[in-house]
Amino acid sequence: MAGAGDLQELGQAEGALGGALGERAIDVRGLRMRYGSKCVLNGVDFGVRRGEVLALLGPNGAGKTTIIEIMEGFRTCSAGEVSVLGVDPARGDERWRARLGIVLQSWRDHGKWKVRELLAQLGDFYRPYSTAERPRPRNVDELIAMVGLEQQADQRIASLSGGQRRRLDVAIGIVGRPEVLFLDEPTVGFDPKARRDFHDVVHRLSDLEDTTILLTTHDLDEAEKLSDRILILAGGRIVADGSADQLARETEGKAEVRWSVGGEHYVHAAPDAGVFVHELFKQHGDRVRDLEVRRASLEDTYMAMVRQHEAGRSEEAIAAFREAGK
Ligand SMILES: Nc1ncnc2c1ncn2[C@@H]1O[C@H](COP(=O)(O)OP(=O)(O)OP(=O)(O)O)[C@@H](O)[C@H]1O
(Lines give C-alpha, C1' and ligand atoms only; values in the text may rest on other atoms or scores of the structure.)
Protein backbone atom coordinates (compact mmCIF):
# COMPACT_ATOMS: atom_id res chain seq x y z
CA MET A 1 0.00 0.00 0.00
CA ALA A 2 1.31 3.41 -0.90
CA GLY A 3 1.34 5.70 2.09
CA ALA A 4 2.59 8.93 3.54
CA GLY A 5 5.74 7.04 4.57
CA ASP A 6 6.63 6.74 0.90
CA LEU A 7 6.05 10.44 0.44
CA GLN A 8 8.24 10.98 3.46
CA GLU A 9 11.02 9.14 1.64
CA LEU A 10 10.48 11.48 -1.27
CA GLY A 11 10.80 14.43 1.14
CA GLN A 12 13.93 12.89 2.63
CA ALA A 13 15.52 12.43 -0.76
CA GLU A 14 14.81 16.04 -1.56
CA GLY A 15 16.06 17.08 1.87
CA ALA A 16 19.30 15.20 1.33
CA LEU A 17 19.96 17.30 -1.77
CA GLY A 18 19.52 20.59 0.03
CA GLY A 19 21.36 19.75 3.25
CA ALA A 20 22.18 16.97 5.65
CA LEU A 21 19.23 15.32 7.37
CA GLY A 22 20.80 16.35 10.69
CA GLU A 23 19.97 19.93 9.79
CA ARG A 24 16.28 19.34 10.22
CA ALA A 25 14.51 21.88 12.38
CA ILE A 26 11.24 19.92 12.49
CA ASP A 27 10.60 16.20 12.36
CA VAL A 28 7.14 14.64 12.48
CA ARG A 29 6.61 10.89 12.35
CA GLY A 30 3.41 8.86 12.58
CA LEU A 31 1.48 11.81 13.99
CA ARG A 32 -2.09 10.98 14.97
CA MET A 33 -4.70 13.17 16.56
CA ARG A 34 -8.19 12.42 17.77
CA TYR A 35 -10.74 14.81 19.17
CA GLY A 36 -13.06 12.44 21.07
CA SER A 37 -14.06 9.79 18.56
CA LYS A 38 -13.09 11.96 15.58
CA CYS A 39 -9.77 11.12 13.96
CA VAL A 40 -8.28 14.29 12.43
CA LEU A 41 -4.67 13.23 11.75
CA ASN A 42 -4.06 9.66 10.75
CA GLY A 43 -0.31 9.13 10.39
CA VAL A 44 1.38 12.33 9.25
CA ASP A 45 5.12 12.26 8.42
CA PHE A 46 7.33 15.11 7.28
CA GLY A 47 10.55 16.95 8.01
CA VAL A 48 11.57 20.57 7.54
CA ARG A 49 15.17 21.62 6.96
CA ARG A 50 16.67 24.62 8.73
CA GLY A 51 15.98 27.77 6.73
CA GLU A 52 13.28 26.06 4.66
CA VAL A 53 9.90 27.72 4.06
CA LEU A 54 7.15 25.11 4.05
CA ALA A 55 3.50 25.78 3.18
CA LEU A 56 0.87 23.46 4.59
CA LEU A 57 -2.23 23.39 2.40
CA GLY A 58 -5.52 21.57 2.80
CA PRO A 59 -9.27 22.09 2.88
CA ASN A 60 -11.06 23.63 5.87
CA GLY A 61 -10.95 21.24 8.80
CA ALA A 62 -8.09 19.15 7.34
CA GLY A 63 -6.04 19.57 10.53
CA LYS A 64 -3.48 22.24 9.60
CA THR A 65 -4.00 24.34 12.73
CA THR A 66 -3.97 21.15 14.80
CA ILE A 67 -0.52 20.22 13.41
CA ILE A 68 0.82 23.70 14.10
CA GLU A 69 -0.62 23.74 17.62
CA ILE A 70 0.99 20.36 18.37
CA MET A 71 4.35 21.64 17.16
CA GLU A 72 4.03 24.75 19.32
CA GLY A 73 3.29 22.59 22.36
CA PHE A 74 -0.25 23.98 22.73
CA ARG A 75 -1.81 20.59 22.08
CA THR A 76 -0.73 17.06 22.90
CA CYS A 77 -0.91 14.57 20.05
CA SER A 78 -2.69 11.24 20.46
CA ALA A 79 0.25 9.28 19.01
CA GLY A 80 3.47 9.76 17.06
CA GLU A 81 6.76 11.59 17.43
CA VAL A 82 7.32 15.30 16.99
CA SER A 83 10.59 17.14 17.34
CA VAL A 84 11.03 20.90 16.98
CA LEU A 85 14.63 22.13 17.31
CA GLY A 86 15.43 18.71 18.74
CA VAL A 87 12.81 18.95 21.51
CA ASP A 88 9.47 17.19 21.99
CA PRO A 89 7.06 20.16 22.13
CA ALA A 90 5.07 18.51 24.96
CA ARG A 91 8.23 18.86 27.09
CA GLY A 92 9.51 22.21 25.76
CA ASP A 93 10.70 24.65 28.44
CA GLU A 94 10.85 28.44 28.36
CA ARG A 95 14.31 28.47 26.73
CA TRP A 96 12.98 26.31 23.90
CA ARG A 97 9.85 28.46 23.60
CA ALA A 98 12.02 31.58 23.26
CA ARG A 99 13.51 30.12 20.06
CA LEU A 100 10.08 29.92 18.42
CA GLY A 101 7.86 32.58 16.88
CA ILE A 102 4.13 32.10 16.62
CA VAL A 103 1.45 33.91 14.64
CA LEU A 104 -1.89 32.36 15.47
CA GLN A 105 -5.18 32.69 13.61
CA SER A 106 -7.04 34.18 16.52
CA TRP A 107 -6.31 37.65 17.78
CA ARG A 108 -5.57 38.04 21.47
CA ASP A 109 -6.59 41.54 22.41
CA HIS A 110 -4.24 44.02 24.04
CA GLY A 111 -6.43 46.94 22.97
CA LYS A 112 -5.25 49.47 25.55
CA TRP A 113 -1.58 49.04 24.75
CA LYS A 114 0.24 51.15 22.19
CA VAL A 115 2.01 49.30 19.37
CA ARG A 116 5.57 50.27 20.37
CA GLU A 117 4.92 49.66 24.09
CA LEU A 118 3.52 46.19 23.55
CA LEU A 119 6.38 45.12 21.28
CA ALA A 120 8.97 46.47 23.75
CA GLN A 121 7.23 44.66 26.62
CA LEU A 122 6.98 41.35 24.78
CA GLY A 123 10.56 41.74 23.56
CA ASP A 124 11.81 41.77 27.15
CA PHE A 125 10.80 38.13 27.54
CA TYR A 126 13.44 37.18 24.95
CA ARG A 127 16.30 39.24 26.43
CA PRO A 128 17.74 36.45 28.67
CA TYR A 129 17.88 34.19 25.61
CA SER A 130 19.93 36.53 23.43
CA THR A 131 22.98 35.01 21.71
CA ALA A 132 25.77 36.53 19.59
CA GLU A 133 24.26 34.83 16.55
CA ARG A 134 20.69 35.89 17.37
CA PRO A 135 20.53 39.11 19.35
CA ARG A 136 17.20 39.09 21.17
CA PRO A 137 14.89 40.93 21.16
CA ARG A 138 14.86 42.63 17.78
CA ASN A 139 15.20 46.42 17.85
CA VAL A 140 11.62 47.67 18.19
CA ASP A 141 11.91 50.53 15.70
CA GLU A 142 13.50 48.27 13.09
CA LEU A 143 10.74 45.74 13.72
CA ILE A 144 8.00 48.35 13.33
CA ALA A 145 9.57 49.46 10.03
CA MET A 146 9.88 45.83 8.90
CA VAL A 147 6.12 45.30 9.20
CA GLY A 148 5.21 48.80 7.97
CA LEU A 149 3.59 50.15 11.15
CA GLU A 150 5.67 53.35 11.48
CA GLN A 151 2.59 55.58 11.29
CA GLN A 152 0.79 53.54 13.95
CA ALA A 153 3.71 53.03 16.35
CA ASP A 154 2.23 55.24 19.07
CA GLN A 155 -1.38 54.35 18.39
CA ARG A 156 -3.50 52.21 20.70
CA ILE A 157 -4.00 48.69 19.39
CA ALA A 158 -7.79 48.98 19.69
CA SER A 159 -7.68 51.71 17.03
CA LEU A 160 -5.80 49.64 14.41
CA SER A 161 -7.55 48.31 11.30
CA GLY A 162 -7.82 44.54 10.79
CA GLY A 163 -4.85 44.46 8.39
CA GLN A 164 -2.75 46.62 10.72
CA ARG A 165 -3.52 44.27 13.61
CA ARG A 166 -2.38 41.37 11.47
CA ARG A 167 0.89 43.23 10.74
CA LEU A 168 1.27 43.61 14.49
CA ASP A 169 0.65 39.86 14.93
CA VAL A 170 3.55 39.23 12.54
CA ALA A 171 5.72 41.69 14.49
CA ILE A 172 4.86 39.86 17.73
CA GLY A 173 5.80 36.55 16.08
CA ILE A 174 9.26 37.76 15.07
CA VAL A 175 10.22 40.14 17.90
CA GLY A 176 12.33 37.38 19.50
CA ARG A 177 14.23 36.64 16.23
CA PRO A 178 12.90 33.05 16.16
CA GLU A 179 14.75 30.09 14.70
CA VAL A 180 11.43 28.47 13.82
CA LEU A 181 8.41 30.57 12.92
CA PHE A 182 4.85 29.23 12.72
CA LEU A 183 2.40 31.33 10.72
CA ASP A 184 -1.24 30.27 10.70
CA GLU A 185 -2.96 32.05 7.78
CA PRO A 186 -0.77 35.11 8.27
CA THR A 187 -2.06 37.30 5.44
CA VAL A 188 -5.82 37.16 6.07
CA GLY A 189 -7.05 40.75 5.83
CA PHE A 190 -3.91 42.08 4.11
CA ASP A 191 -4.25 44.49 1.21
CA PRO A 192 -2.01 43.78 -1.83
CA LYS A 193 0.75 46.11 -0.60
CA ALA A 194 0.74 44.55 2.89
CA ARG A 195 0.82 41.11 1.29
CA ARG A 196 3.84 42.00 -0.82
CA ASP A 197 5.62 43.58 2.18
CA PHE A 198 4.90 40.43 4.16
CA HIS A 199 6.39 38.27 1.39
CA ASP A 200 9.54 40.41 1.57
CA VAL A 201 9.68 39.87 5.33
CA VAL A 202 9.39 36.08 4.90
CA HIS A 203 12.14 36.02 2.27
CA ARG A 204 14.35 38.18 4.46
CA LEU A 205 13.81 35.92 7.48
CA SER A 206 14.63 32.75 5.59
CA ASP A 207 17.46 34.11 3.41
CA LEU A 208 19.25 36.40 5.86
CA GLU A 209 18.44 34.87 9.23
CA ASP A 210 18.09 31.20 8.26
CA THR A 211 14.67 31.09 9.91
CA THR A 212 12.67 27.91 9.35
CA ILE A 213 9.10 28.85 8.50
CA LEU A 214 5.97 26.72 8.51
CA LEU A 215 2.89 28.51 7.26
CA THR A 216 -0.68 27.62 6.46
CA THR A 217 -2.61 29.45 3.79
CA HIS A 218 -5.58 29.02 1.49
CA ASP A 219 -3.93 31.29 -1.08
CA LEU A 220 -2.22 28.96 -3.54
CA ASP A 221 -0.49 31.80 -5.33
CA GLU A 222 0.99 32.87 -2.01
CA ALA A 223 2.09 29.31 -1.22
CA GLU A 224 3.83 29.12 -4.59
CA LYS A 225 5.56 32.49 -4.20
CA LEU A 226 6.68 32.01 -0.62
CA SER A 227 7.55 28.41 -0.04
CA ASP A 228 10.40 26.12 -0.97
CA ARG A 229 8.12 23.16 -0.42
CA ILE A 230 4.41 22.48 -0.20
CA LEU A 231 2.55 19.78 1.73
CA ILE A 232 -1.07 19.00 0.93
CA LEU A 233 -3.03 17.55 3.83
CA ALA A 234 -6.29 15.72 3.16
CA GLY A 235 -8.13 12.93 4.93
CA GLY A 236 -5.70 13.05 7.85
CA ARG A 237 -2.69 12.28 5.63
CA ILE A 238 -0.07 14.15 3.64
CA VAL A 239 -1.17 13.45 0.07
CA ALA A 240 1.51 15.48 -1.73
CA ASP A 241 4.95 16.78 -0.78
CA GLY A 242 7.26 18.79 -3.05
CA SER A 243 8.01 22.17 -4.60
CA ALA A 244 5.20 23.82 -6.57
CA ASP A 245 6.99 22.82 -9.79
CA GLN A 246 7.43 19.22 -8.67
CA LEU A 247 3.80 18.92 -7.65
CA ALA A 248 2.61 20.29 -10.97
CA ARG A 249 4.92 17.92 -12.89
CA GLU A 250 4.36 14.85 -10.80
CA THR A 251 0.59 14.82 -10.43
CA GLU A 252 -1.32 13.16 -13.20
CA GLY A 253 -2.37 16.59 -14.48
CA LYS A 254 -1.94 17.18 -18.19
CA ALA A 255 -0.46 20.25 -19.86
CA GLU A 256 -2.77 22.22 -22.12
CA VAL A 257 -1.45 22.94 -25.61
CA ARG A 258 -3.06 25.65 -27.76
CA TRP A 259 -2.13 26.47 -31.36
CA SER A 260 -3.56 27.52 -34.68
CA VAL A 261 -3.04 26.26 -38.21
CA GLY A 262 -4.42 28.14 -41.24
CA GLY A 263 -6.52 30.42 -39.02
CA GLU A 264 -8.18 27.52 -37.14
CA HIS A 265 -7.59 27.43 -33.35
CA TYR A 266 -7.02 24.16 -31.48
CA VAL A 267 -6.60 23.06 -27.86
CA HIS A 268 -5.43 19.68 -26.59
CA ALA A 269 -4.65 18.26 -23.13
CA ALA A 270 -1.41 16.28 -23.41
CA PRO A 271 0.27 14.22 -20.68
CA ASP A 272 3.63 14.89 -22.35
CA ALA A 273 3.48 18.31 -23.99
CA GLY A 274 7.04 18.03 -25.41
CA VAL A 275 6.25 14.91 -27.45
CA PHE A 276 2.93 16.36 -28.59
CA VAL A 277 4.48 19.66 -29.77
CA HIS A 278 7.25 17.76 -31.58
CA GLU A 279 4.57 15.73 -33.45
CA LEU A 280 2.65 18.92 -34.19
CA PHE A 281 5.65 20.50 -35.90
CA LYS A 282 6.45 17.27 -37.73
CA GLN A 283 2.94 17.32 -39.15
CA HIS A 284 2.42 21.05 -39.83
CA GLY A 285 5.90 22.57 -39.82
CA ASP A 286 6.00 26.36 -39.78
CA ARG A 287 2.25 26.57 -40.40
CA VAL A 288 1.87 26.16 -36.61
CA ARG A 289 1.09 29.58 -35.09
CA ASP A 290 0.09 31.00 -31.67
CA LEU A 291 1.61 28.04 -29.81
CA GLU A 292 1.04 28.11 -26.05
CA VAL A 293 1.79 25.37 -23.51
CA ARG A 294 0.27 25.74 -20.08
CA ARG A 295 1.42 23.22 -17.51
CA ALA A 296 -0.84 22.17 -14.62
CA SER A 297 -0.85 24.96 -12.05
CA LEU A 298 -0.56 24.43 -8.32
CA GLU A 299 -4.29 25.07 -8.16
CA ASP A 300 -4.94 22.29 -10.70
CA THR A 301 -2.75 19.95 -8.66
CA TYR A 302 -4.35 20.94 -5.39
CA MET A 303 -7.88 20.55 -6.73
CA ALA A 304 -7.03 17.17 -8.28
CA MET A 305 -5.58 15.84 -5.01
CA VAL A 306 -8.41 17.16 -2.85
CA ARG A 307 -11.11 15.97 -5.28
CA GLN A 308 -9.62 12.48 -5.31
CA HIS A 309 -9.56 12.48 -1.53
CA GLU A 310 -13.17 13.66 -1.33
CA ALA A 311 -14.18 10.88 -3.69
CA GLY A 312 -12.55 8.46 -1.23
CA ARG A 313 -9.61 7.85 -3.52
CA SER A 314 -6.73 9.43 -1.58
CA GLU A 315 -4.74 6.16 -1.62
CA GLU A 316 -5.06 6.19 -5.39
CA ALA A 317 -4.01 9.86 -5.51
CA ILE A 318 -0.91 9.15 -3.39
CA ALA A 319 -0.04 6.14 -5.56
CA ALA A 320 -0.45 8.17 -8.77
CA PHE A 321 1.72 10.92 -7.31
CA ARG A 322 4.44 8.42 -6.41
CA GLU A 323 4.27 6.73 -9.77
CA ALA A 324 4.60 10.02 -11.64
CA GLY A 325 7.58 10.97 -9.49
CA LYS A 326 9.61 7.84 -10.44
N1 LIG B 1 -10.68 21.51 20.35
C2 LIG B 1 -11.30 20.77 19.45
N3 LIG B 1 -12.23 19.87 19.79
C4 LIG B 1 -12.87 19.10 18.90
N5 LIG B 1 -12.63 19.16 17.58
C6 LIG B 1 -11.72 20.05 17.15
C7 LIG B 1 -11.01 20.90 18.06
N8 LIG B 1 -10.14 21.66 17.34
C9 LIG B 1 -10.31 21.31 16.04
N10 LIG B 1 -11.26 20.34 15.93
C11 LIG B 1 -11.70 19.68 14.69
O12 LIG B 1 -10.56 19.14 14.06
C13 LIG B 1 -10.63 19.32 12.66
C14 LIG B 1 -9.36 20.02 12.18
O15 LIG B 1 -9.38 21.36 12.63
P16 LIG B 1 -8.21 22.37 12.28
O17 LIG B 1 -8.58 23.69 12.89
O18 LIG B 1 -6.90 21.78 12.67
O19 LIG B 1 -8.33 22.42 10.69
P20 LIG B 1 -7.66 23.43 9.63
O21 LIG B 1 -7.08 22.58 8.57
O22 LIG B 1 -6.73 24.37 10.33
O23 LIG B 1 -8.95 24.20 9.10
P24 LIG B 1 -9.13 25.69 8.49
O25 LIG B 1 -8.55 25.68 7.12
O26 LIG B 1 -10.62 25.83 8.46
O27 LIG B 1 -8.46 26.67 9.43
C28 LIG B 1 -11.92 20.08 12.38
O29 LIG B 1 -12.89 19.15 11.98
C30 LIG B 1 -12.26 20.70 13.71
O31 LIG B 1 -13.67 20.81 13.85
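Student: What distance separates the centres of domain 1 and domain 2?

Tutor: The centres, taken over C-alpha atoms, are 39 Å apart. Domain 1 covers 4–99 + 179–246 and domain 2 covers 254–295, with bounds that come from an automatic or database domain assignment. This is a predicted model, in which local features need pLDDT of at least 70, side-chain atom pairs count only at pLDDT 80 or more, and totals for chains, interfaces and linings use all residues. Residues are numbered from 1 along each chain as its sequence is written.

Student: What makes G148 partly exposed?

Tutor: A residue is buried if 20 or more other C-beta atoms, placed from the backbone, lie within 10 Å of its own, exposed if 12 or fewer, and partly exposed in between. G148 has 19 C-beta neighbours inside 10 Å, and therefore counts as partly exposed. G148 lies in the loop between α5 and α6.

Student: Which residues is G148 in contact with, leaving aside its neighbours within four places in sequence?

Tutor: They are R167, A194 and D197; contact requires C-beta atoms, placed from the backbone, within 7 Å.

Student: What makes a set of residues a nonpolar core, and which residues have the most contacts inside the largest one?

Tutor: The set consists of buried Ala, Val, Leu, Ile, Met, Phe, Trp, Tyr and Cys residues joined through C-beta atoms within 7 Å. The largest such core has 71 residues, and A171, L214, L231 and I232 have the most contacts inside it. Leaving aside neighbours within four places in sequence, L231 is in contact with F46, L54, L56, L57, I238 and D241.

Student: How are the residues of the shell around the ligand divided by type?

Tutor: Three are nonpolar, six polar and one charged. Here Ala, Val, Leu, Ile, Met, Phe, Trp, Tyr, Cys and Pro count as nonpolar, Asp, Glu, Lys and Arg as charged, and the others, Gly among them, as polar. The residues around the ligand include Y35, V40, G58 and K64, a residue being near if its C-beta atom, placed from the backbone, lies within 6 Å. Helix α2 (residues 64–72) gives the largest share of the shell, three residues.

Student: What is noted about phi of E185 and D290?

Tutor: Most residues other than glycine have a negative phi, and most peptide bonds are trans. Phi of E185 is near 45°, a positive value in a residue other than glycine, and D290 has a positive phi of about 50°. E185 is found in the loop between β6 and α7, whereas D290 is found in strand β12 (residues 288–294).

Student: Why is D290 called exposed?

Tutor: D290 has 10 C-beta neighbours inside 10 Å, and so counts as exposed.

Student: Which residues does a cis peptide bond join?

Tutor: The bond joins R136 and P137, with omega about -5°. P137 lies in the loop between α4 and α5.

Definitions and conventions
Helices (H or I, at least four residues) and strands (E, at least two) are DSSP runs, numbered from the N terminus. Two residues are in contact if their C-beta atoms, placed from the backbone, lie within 7 Å.
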